[in-house]
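Good morning, and thank you for coming. Please look at the sequence and the structure on the screen while I describe selected features.

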Amino acid sequence: MTSIPDIQDLSRCQTHQRALTALADLVHRGDQTLSARRYVSIAAAVAAVGGLLFGYDTGIIASALIFVTQTFSLSTAGQEWVAAALNIGAIFGALLSGPVSDRWGRRPAIMGAAGIFIVASLGCGLAPDVGTLVAARLWLGAAIGATTQIVPVYVAELAPASRRGGLVSLFQLVFSLGLLLAFFVGYELSGSAESWRAMFMLGAVPAILLGLGMLFLPESPRWLLHHEHERHAVSILYKLRGHKDIVRQELDDALKVDAGEAAGAGGLGLRTRWIRPALIAALGVAAFSQLSGPNVIVYYAPIILSQAGLGHSAALLTSVSVGVTSTITTAMGIALIDRIGRRRMMLCMLPVAALSLFVLGAVFLSSAPLVGVRLYLMVLSLLGYIFFNFGSLSVAVWLIAAEVFPLFIRSKAMGLASATVWLSDTLVSLVTLSLVQAFGTTGTFWLFGFINLAAFAFVWKYVPETAGTTLEGIESALKRGSFYKNIR
């Protein structure tokens, strides 16, 4: 009588053989590594438009809420609901999109999220009452949460190990560009009481570009292999790598790892013991990426600085400088993250981010007007924090979660990491102004400085170096129990 393991072994051998047969049929194409490199870059760039939507719809509320309040005569609670609906929707979108992308594929899931973006953006702009606006914002948040879960996983599964860091981190760079775009659109369209409608509806434009762009992009070859679409997977992998030897090696690695996953997928999943180190690393980085305070600076810097005595226009100008600096430093991080490494970059930059916050807090020890040396110190330390925090945690957050998990739970685990980002962001958003009232400007900046040091300690202990390691290599290290030791 044939046992189940024997049947599974036979099925795996047949899958491997079908994949190798499909590869043999493509060998006549020859070396296409240069065109493959361009193809991967284009695919990553198109998918990263999801980050633009993320940044734009997150940032535009700062400009739109003033006019929404006038239109609907919102109370403070009403303003909070309109603003918070996006975060609430994003938590659910991040958690629920994982099963969707596992069942139907990464590409259809991204296209579905783009469709929700379009409808929800128009729904926000056309909302006849505040209830409809909140509901539309909830759906908009769900699309954003789904995008933050699916896009990094999709790009990580398309990219070669040597370029995975930079390509996945494009998502964060385009997010920063989306924030800047939101600031400029809000400024240009501000004026009439109904200007918020156009601000929201313009979010549909990049969503349309994302949906149309995904029509011309491939499905994840790893997802296709996992679902036994070997010929299609090999054809796409050849377009992405351009050389039979590279494709053969990735096929061998992917199929070898996939061989042990049928049992794992039917078992405890995220509760499986050998997956725990990846879960700790990814969720810890996700939480610290928000708890360390970047959105405090992005969203609340004008309010905090105005309350501390800086002129309103100067505070707004400083906020724009923060947006520009975050974009530049994210671009720098993308250029260096595969060369320097994720872990090393965070360990080098987080202490300087903490020091910047300590200096920033010290500047506000005096209640005297911010002039002269103190003004220069304030600006330098503020921008220094943005440079060293955004250049480390904010660049690495989506990348770490997208690469450390095995394929059979990667999408669900990425959804959990994305939800952790949104929960942490919501928590910080809710308590920041209360912290300023309780501890003062100095105490608040020093508190976030200590959190940056805690993030450094966490990375030192729990986050391994994964630069240059294939996704299958990371998974094999997890299974061997050498997640920290062998890829650090």
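Glu 157 and Arg 410 form a salt bridge, their closest N and O atoms being 2.9 Å apart. By salt bridge I mean a side-chain nitrogen of Lys or Arg within 4 Å of a carboxyl oxygen of Asp or Glu. This pair links distant parts of the chain: Glu 157 belongs to helix α6 (residues 130–158) and Arg 410 to helix α19 (residues 407–462), 253 residues apart. Helices here are DSSP runs of H or I with at least four residues, strands are runs of E with at least two, and both are numbered from the N terminus. Both Glu 157 and Arg 410 are buried. Buried means under 20% relative accessible area, exposed means over 50%, and partly exposed lies in between, using a 1.4 Å probe and protein chains only.

Before I continue, please note that this is a predicted model: local features need pLDDT of at least 70, side-chain atom pairs count only at pLDDT 80 or more, and totals for chains, interfaces and linings use all residues. Residues are numbered from 1 along each chain as its sequence is written, and side-chain values use heavy atoms, with hydrogens and water left out.

Let us turn to a second pair. Glu 403 and Arg 164 meet through their side chains in a salt bridge, at 2.7 Å from N to O. Here too distant parts of the chain are linked, with Glu 403 in helix α18 (residues 372–403) and Arg 164 in helix α7 (residues 164–189), 239 residues apart. Both Glu 403 and Arg 164 are buried.

A further salt bridge joins Arg 241 to Glu 250, and its closest N and O atoms are 2.4 Å apart. Arg 241 and Glu 250 are buried as well. By the rule I gave, the count comes to 12 salt bridges.

I now come to the packing of helices. Two packed helices are described by the angle between their axes and the distance between the axes. The axes of helix α14 (residues 276–291) and α18 come within 9 Å and cross at roughly 150 degrees. Therefore α14 is roughly antiparallel to α18. Axes are lines fitted to C-alpha atoms, for helices over the stretch in contact, and angles run from 0 to 180 degrees between N-to-C directions. Angles under 35 degrees count as roughly parallel, over 145 as roughly antiparallel, 65 to 115 as roughly perpendicular, and the rest as oblique.

Which residues of α14 meet α18? Ala 281, Ala 282, Val 285, Ala 286, Phe 288 and Ser 289 in α14 meet Leu 393, Val 397, Ile 400 and Ala 401 in α18. The residues of this contact of α14 with α18 divide into 9 nonpolar, 1 polar and no charged. Contact means heavy atoms within 4.5 Å. In this grouping Ala, Val, Leu, Ile, Met, Phe, Trp, Tyr, Cys and Pro count as nonpolar, Asp, Glu, Lys and Arg as charged, and the others, Gly among them, as polar.

Another pair is helix α2 (residues 33–47) and α6, whose axes come within 10 Å and cross at roughly 175 degrees. This makes α2 roughly antiparallel to α6. On the α2 side, Val 40, Ala 43, Ala 44 and Ala 47 meet Val 151, Tyr 154, Val 155 and Leu 158 in α6. The contact of α2 with α6 divides into 8 nonpolar, no polar and no charged residues.

Thr 330 lies in helix α16 (residues 312–340). Is Thr 330 buried or exposed? Thr 330 counts as buried because its relative accessibility is 0%. Apart from neighbours within four places in sequence, Thr 330 is in contact with Gln 172, Leu 173, Ser 176, Phe 390 and Val 395.

Gly 211 is found in helix α9 (residues 204–214), and with a relative accessible area of 16% Gly 211 is buried. Gly 211 and Ile 110 are 101 residues apart in sequence, and 7.6 Å apart in space, C-alpha to C-alpha. Not counting residues up to four places away in sequence, Gly 211 touches Met 111 and Ala 114.

Ser 73 has its place in the loop between α3 (49–72) and α4 (76–104). Most residues other than glycine have a negative phi. Ser 73, although not a glycine, has a positive phi of about 50 degrees. Ser 73 is exposed, with a relative accessible area of 63%.

Finally, the chain as a whole has 20 helices and 0 strands. Buried residues make up 56% of its 488 residues.
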